[in-house]
Amino acid sequence: MTEETTLTGQAPPPVRDWSTPDLDGTEFDPVLAGLMREGPLTRIRLPFGEGWAWLATRHDDVKLITNDPRFSRTEVTHRQVTRMAPNFAPRPGSLAWADQPDHNRLRKPVAGAFTVSAMKRLRPRAQALLDALVDGVVQDGPPADLVERVLEPFPLCVVSEVMGVPAADRGQVHAWTREIISTNGVEAAGRAKDGLYGWITQAVRARAASPAEDVYSMLGTAVARGEIREEEAVGLAGPLQIGGEAVTHNCGQMLYLLLTRPELMERMRARPEARGPVLDELFRWIPHRSSVGLARIALEDVEIAGHRIAAGEPVYVSYLAANRDPAVFPDPDRIDPDRDPNPHVAFGNGPHFCTGTVLARLQTELLIDTLLDRLPGLRLAVPPEQVLWRHRTMIRGPRTLPVTW
Ligand code: HEM
């Protein structure tokens, strides 16, 4: 690491170990809360990788860093930056690790599939898929595990619709994605990844001349036109195919909050036309992930919050912390359904802003509307403290959500 100095001449902040403990419920990580109190820019050491990294927690610094080309994602792929996950194997074509102009080149072939107008076209089909799942739940009667019956299968079905997975292959593709996102172990997930990526390669090859508007056709034709390489197309498709996981767990947390806070549920039921802003407030408040996501590396010296981040040093931002910045969100730990404005960064910021934002929003709206409207007496079937939570996971959420109505 480079020499430690700050613009103010003070000693740099101490390096804090962040072991990312398993947290239950929707508790905000106390380590992150402590780091936020310590200062706008702190230093952290995560369980894997090497050395330490800067951590930015304030809304304005997070927005600045995530939108500044002086911070590179690609540089991280050449290093063993301190990180939360044990394994580190960035794939070629991955949007998450690309800098401009590569990032634009890669995002372009699939961007059309995730626009607001594409999602409008998708809405009736997605609603039909969800209705079929909820029909099954209603038919079988209470109690039901919402995670198993609705929150897991629905995003998988919708994403398969967008990607263009043929009906005959959906069972297998869904089994692979479920295995990859499960916490069953590295080996099983590795086998599932091989299966899924092999299948994706075939799908991309088979659609080199396909005029259809599904993502595999868009990728197949982009490869045929020489805009992206085949391995890039496969690297792009994988995270999109798996991305539904985020909806499962985020909605799991959202429903848990609604089911354990009667005043919030009452508000949603009383004013269905005004649910949109409440969903945004919940996106802001929900501790979506454990720890922090992907680092960036400073390509030159950059001054932030009175500190000098030197060229070559790694930096993390916390969107969770930015969403609780009291300078932007008064009384930030309170869920305020009337919060306005609400410039949250739950889907990220800058060029790496979540590709699936509109899709995630569509699915969340449909899930909340459909479950609340079709199951009027919806409530937890167990005391809140008996709900089981995902452990050793990047994305937090309930493992099961037993409900009755
Ligand atoms: C990236 C949040 C759903 C695909 C991200 C980022 C966040 C995020 C915070 C990181 C931004 C960064 O790296 O700076 C969420 C939340 C979701 C959700 C809260 C659900 C509630 C989805 C869905 C998909 C998806 C449904 C795809 C079908 C992606 C991809 C990236 C990404 C591909 C990487 C984008 C890039 O680096 O250019 N998401 N996401 N996400 N998300 Fe999501």
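Is arginine 308 buried, partly exposed or exposed, and what is its relative accessible area? Arginine 308 is partly exposed, at 25%. Here buried means under 20% relative accessible area, exposed over 50%, and partly exposed in between (1.4 Å probe, protein chains only).

The model is predicted: local features need pLDDT of at least 70, side-chain atom pairs count only at pLDDT 80 or more, and totals for chains, interfaces and linings use all residues. Residues are numbered from 1 along each chain as its sequence is written, and side-chain values use heavy atoms, without hydrogens and water.

**View 1. The ligand shell.** The ligand is surrounded by 23 residues (one heavy atom within 4 Å). The closest are Arg73, His103, Tyr319, His352 and Cys354. A polar side-chain atom of tyrosine 319 lies 2.5 Å from a ligand oxygen. For histidine 103, the distance from a side-chain N or O atom to a ligand oxygen is 2.7 Å. For arginine 107, it is 3.4 Å.

**View 2. Aspartate 301 and arginine 308.** These two form a salt bridge, with their closest N and O atoms 3.0 Å apart. A salt bridge is a side-chain nitrogen of Lys or Arg within 4 Å of a carboxyl oxygen of Asp or Glu. Aspartate 301 is partly exposed, at 41% relative accessibility.

**View 3. Glutamate 281 and arginine 284.** This salt bridge has its closest N and O atoms 2.9 Å apart. Glutamate 281 is buried at 0%, and arginine 284 is buried at 1%.

**View 4. Arginine 207 and aspartate 214.** Their side chains meet in a salt bridge at 2.9 Å, N to O. Both residues are buried.

Note on methods:
A polar contact is a pair of N or O atoms within 3.5 Å; within protein, one must be able to donate a hydrogen and the other to accept it, and residues adjacent in sequence count only if both atoms are side-chain atoms.
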